[in-house]
Each structure stands twice: as structure tokens, then as C-alpha cells.
Amino acid sequence: LGLWSVIGGCCQLVGGIFLLRGANRARVLLTAVLVLHIGLNGVNAVSGVDRPTTVLLVAVFAVPAIALLWTRSAHAWFTRRAA
């Protein structure tokens with residue numbers, strides 16, 4: 001779990017920097033990291049490591065973040081250089 005936290009945190013930090021630059025790969029990376037984060041918290045909750053409320057809390061923040069990454073205005077942000 002500690003290793004996942006370090007790797008996930010580094011991916012989120014690097015992804016955030018590249019999001020500001022408009023890199024589409026960063027959007028895909030952060031979507032994958034957030035989905036994995038929800039999934040791993042779900043596995044931890046089922047195995048008894050975490051409480052089920054932890055999964056709910058993570059999902060409350062991660063799902064809107066993922067949705068915001070894939071809105072029409074976000075698409076315009078990430079494809080502005082190609083136009």
C-alpha cells in the first residue's frame with residue numbers, strides 16, 4: 001500500500017503539471033490513476049483493511065474529477081494546439 005501511495009502520488013503530481021500544459025496523455029494517465037485508486041480502495045474495503053466509507057469518500061472526489069477531465073471544455077483545452 002505504501003508503494004502504491006508513492007507511485008500514485010508521483011503520477012498525480014506529474015500528471016497535474018502536464019495537465020496545466022494541455023497534454024492529452026496526462027488526462028488519460030490521471031483518469032487511469034484515479035480509477036485504480038477507487039478500485040484498490042474497493043479491494044481494501046472488501047478485504048477489511050479499510051472501511052467501506054473510505055471507498056465512498058475517494059469516489060466522491062475522484063468521479064467528479066474524472067468527469068471534469070472529459071468535458072467538452074476540457075477537450076477544447078487539450079486539443080487547442082492541434083487546431
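Valine 35 is partly exposed, at a relative accessible area of 47% (buried is under 20%, exposed over 50%, partly exposed in between, with a 1.4 Å probe and protein chains only). The model is predicted: local features need pLDDT of at least 70, side-chain atom pairs count only at pLDDT 80 or more, and totals for chains, interfaces and linings use all residues. Residues are numbered from 1 along each chain as its sequence is written, and side-chain values use heavy atoms, with hydrogens and water left out.

Valine 35 lies in helix 2, residues 24-47 (helices are DSSP runs of H or I, at least four residues, numbered from the N terminus). Valine 63 is 28 residues from valine 35 in sequence. In space, the two are 8.4 Å apart, C-alpha to C-alpha.

Helix 2 packs against helix 1, residues 2-21. The angle is about 150°, and the axes are 9 Å apart (axes are lines fitted to C-alpha atoms over the stretch in contact; angles run from 0 to 180 degrees between N-to-C directions). The two helices are therefore roughly antiparallel, a term for angles over 145 degrees. Helix 1 passes helix 2 in a left-handed crossing (the near helix is turned anticlockwise from the far one by less than a right angle).

On the helix 1 side, the contact (heavy atoms within 4.5 Å) is made by Trp4, Gly8, Cys11, Gln12, Gly15, Gly16, Phe18 and Leu19. Their partners in helix 2 include Ala26, Arg27, Leu30, Val33, His37 and Leu40. The contact residues divide into 11 nonpolar, five polar and one charged (Ala, Val, Leu, Ile, Met, Phe, Trp, Tyr, Cys and Pro are nonpolar; Asp, Glu, Lys and Arg are charged; the others, Gly among them, are polar).

Threonine 31 is also placed in helix 2. Threonine 31 counts as buried, at 15% relative accessibility. Its side chain reaches the backbone oxygen of arginine 27 at 2.8 Å. The threonine 31 side chain also makes a polar contact with the side chain of tryptophan 70, at 2.8 Å (a pair of N or O atoms within 3.5 Å; within protein, one must be able to donate a hydrogen and the other to accept it, and residues adjacent in sequence count only if both atoms are side-chain atoms). Leaving out residues up to four places away in sequence, threonine 31 touches Ile66, Leu69 and Trp70.

Asparagine 41 lies in helix 2 and is buried, at 8% relative accessibility. With residues up to four places away in sequence not counted, asparagine 41 touches Asp50, Thr54, Val55 and Val58. Threonine 53 is 12 residues from asparagine 41 in sequence and 9.8 Å away in space, C-alpha to C-alpha.

How values were computed. Angles under 35 degrees count as roughly parallel, over 145 as roughly antiparallel, 65 to 115 as roughly perpendicular and the rest as oblique.
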